[in-house]
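Student: Let us go through this model by question and answer. Please show the sequence and structure before we start.

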Amino acid sequence: MNILFLMGVYPSWGGVEKVSSVLANELTCRGHKVLIASFEQLCPELAQSELHPDVLLFPLSLPVWSENNKRKLKQIIRDNEIDILINQWCVPFYVAKLCQTAIQGTSCRLVSVHHNLPSTNARIKNLEIKIDKKEYVALNHCKLSVVRLVSRLSLLYTYSRSDVFIVLSPSFVPILAKFIHASDTSKIRSIPNPITIENSLVNLQEKEREIIYVGRIEYNQKRTFRIVEIWEDLHPMFPDWKLTIVGDGPDRVDLENRINQTGLKNISIEGFQNPLPYYQRSSILLLTSEYEGFPLVLAESMSNGVIPVVLDSFSSAHDIINNQESGIIVSYPYSKKEFVEKLSVLMQNLEYRTNMAQEAIRSSSKFSLEHVIQYWETLFKDLLL
């Protein structure tokens with residue numbers, strides 16, 4: 001089949017970009033013709049190291065809804081006889097509008113993928129944060145109502161124009177349906193993200209006494225300050241353990257200032273790095289996000305024997321983790337005390353950690369690329385029947 005991925009930014013670093021690269025490469029190896037078109041190309045040099053040489057790249061431009069993009073995308077679809085257009089940027093609505101315009105008069109099918117929790121986004125969460133802080137409460141409640149309405153209508157537009165709408169977890173299907181007021185959910189499919197790194201044989205007995213966080217350093221979604229807050233209580237009790245933060249982001253300086261002010265020990269911020277060496281050596285992964293879609297870091301760390309300890313703020317956590325077996329899901333809303341208690345039990349019991357790490361490796365196999373790609377190929381066949 002001829003498959004076109006439409007991206008906001010590509011090539012670039014990021015979860016959606018990495019997933020798209022891995023899927024494109026595997027589909028190419030399976031005999032499909034794969035193309036990727038993007039509106040921004042931040043790191044064009046990445047294509048050489050990330051992509052199969054047979055994957056074709058096509059640059060579009062901003063703004064999205066331009067005459068040049070309409071003409072160019074339409075030409076790409078016709079010249080390459082595209083069967084499936086995969087919209088990896090399903091919000092805002094005008095991306096779907098561009099897709100619909102481009103495929104008009106062809107047999108090409110439109111698949112839209114939502115890469116986060118359908119019922120929230122950064123704008124919604126920013127206003128909720130302001131309301132929690134008692135900032136202009138009445139005004140921000142009004143703004144929140146408007147932003148939720150606009151978000152719902154935008155998502156509904158994309159949903160109505162798509163042949164299939166993909167969410168990352170079965171639990172997101174009713175959440176999406178409720179958010180956009182959809183009575184018919186027949187076009188919604190659930191396909192998880194695949195593990196995008198090659199896991200290696202790990203000797204669990206050689207795991208270091210190390211907790212890691214891997215991801216963006218920012219407040220809105222990741223709430224990275226909670227990681228440091230938890231470590232303030234843990235590090236005096238476990239002086240032979242260390243905390244490593246792998247990532248970067250807009251709030252890194254604030255986090256570093258907090259660490260310096262509190263005089264915390266055995267903690268480091270590594271910046272953006274290949275996470276694999278950290279997965280291979282560390283024992284525990286900590287995730288305290290306020291919301292998530294399907295965080296790649298969970299299945300990927302688990303495949304390397306790292307035990308996830310996560311906040312129950314996103315329903316897909318239960319798809320990935322068997323609570324108390326392959327990881328620990330801490331009840332929502334966030335409680336530093338509960339995180340410290342759960343982590344303390346884990347950190348002081350090597351046998352408990354080893355058993356849980358073994359189960360983490362076993363259960364993560366359901367997110368292998370080979371397993372996930374079968375969902376995609378089944379979807380393609382169903383669409384073209």
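Student: How many bridges join strand β1 to strand β2?
Tutor: This is a predicted model, where local features need pLDDT of at least 70, side-chain atom pairs count only at pLDDT 80 or more, and totals for chains, interfaces and linings use all residues. Residues are numbered from 1 along each chain as its sequence is written, and side-chain values use heavy atoms, leaving out hydrogens and water. Strands (E, at least two residues) and helices (H or I, at least four) are DSSP runs numbered from the N terminus, and two strands pair if DSSP finds at least two bridges between them. β1 (residues 2–9) and β2 (residues 33–40) run parallel, and the bridges joining them number seven.

Student: Which residue in β2 is the bridge partner of Leu 6?
Tutor: β1 and β2 run parallel. Across this pairing, the partner of Leu 6 in β2 is Ala 37.

Student: At what angle to β1 does helix α1 run?
Tutor: Axes are lines fitted to C-alpha atoms, for helices over the stretch in contact, and angles run from 0 to 180 degrees between N-to-C directions. Helix α1 (residues 15–29) lies across β1 and β2. Its direction relative to β1 is about 165°.

Student: In what order do the seven strands of the open sheet stand?
Tutor: The pairing in this sheet is parallel. The order is β3-β2-β1-β4-β5-β6-β7.

Student: Which strands stand at the edges?
Tutor: An edge strand here has a single partner, so one of its sides is left without a neighbour in the sheet. The two are β3 (56–59) and β7 (188–190).

Student: Why is strand β5 largely enclosed by the rest of the structure?
Tutor: Buried means under 20% relative accessible area, exposed over 50%, and partly exposed in between (1.4 Å probe, protein chains only). β5 spans residues 109–113. It is largely enclosed because the buried residues number four of the five.

Student: Which strand pairs with β5 over four bridges, and which residue of β5 is the bridge partner of Asn 87?
Tutor: The strand is β4 (residues 84–87), paired in the parallel sense. The partner of Asn 87 in β5 is Ser 112.

Student: Which residue does a cis peptide bond join to Val 91?
Tutor: Most peptide bonds are trans. Here omega is about 20°.

Student: Is Arg 223 buried or exposed?
Tutor: Arg 223 is in the loop between β8 (210–214) and α8. Its phi is positive, about 50°, although it is not a glycine. Its relative accessible area is 7%, so Arg 223 is buried.

Student: Is His 181 buried or exposed?
Tutor: His 181 lies in the loop between α7 (172–180) and β7. Its phi is positive, near 60°. Its relative accessibility is 59%, so His 181 counts as exposed.

Student: How far apart are the end C-alpha atoms of helix α14?
Tutor: The expected span is 1.5 Å times one less than the number of residues. For the 15 residues of α14 (residues 350–364), that predicts 21 Å. The model agrees, with the ends apart by 21 Å.

Technical notes. Contact = heavy atoms within 4.5 Å.
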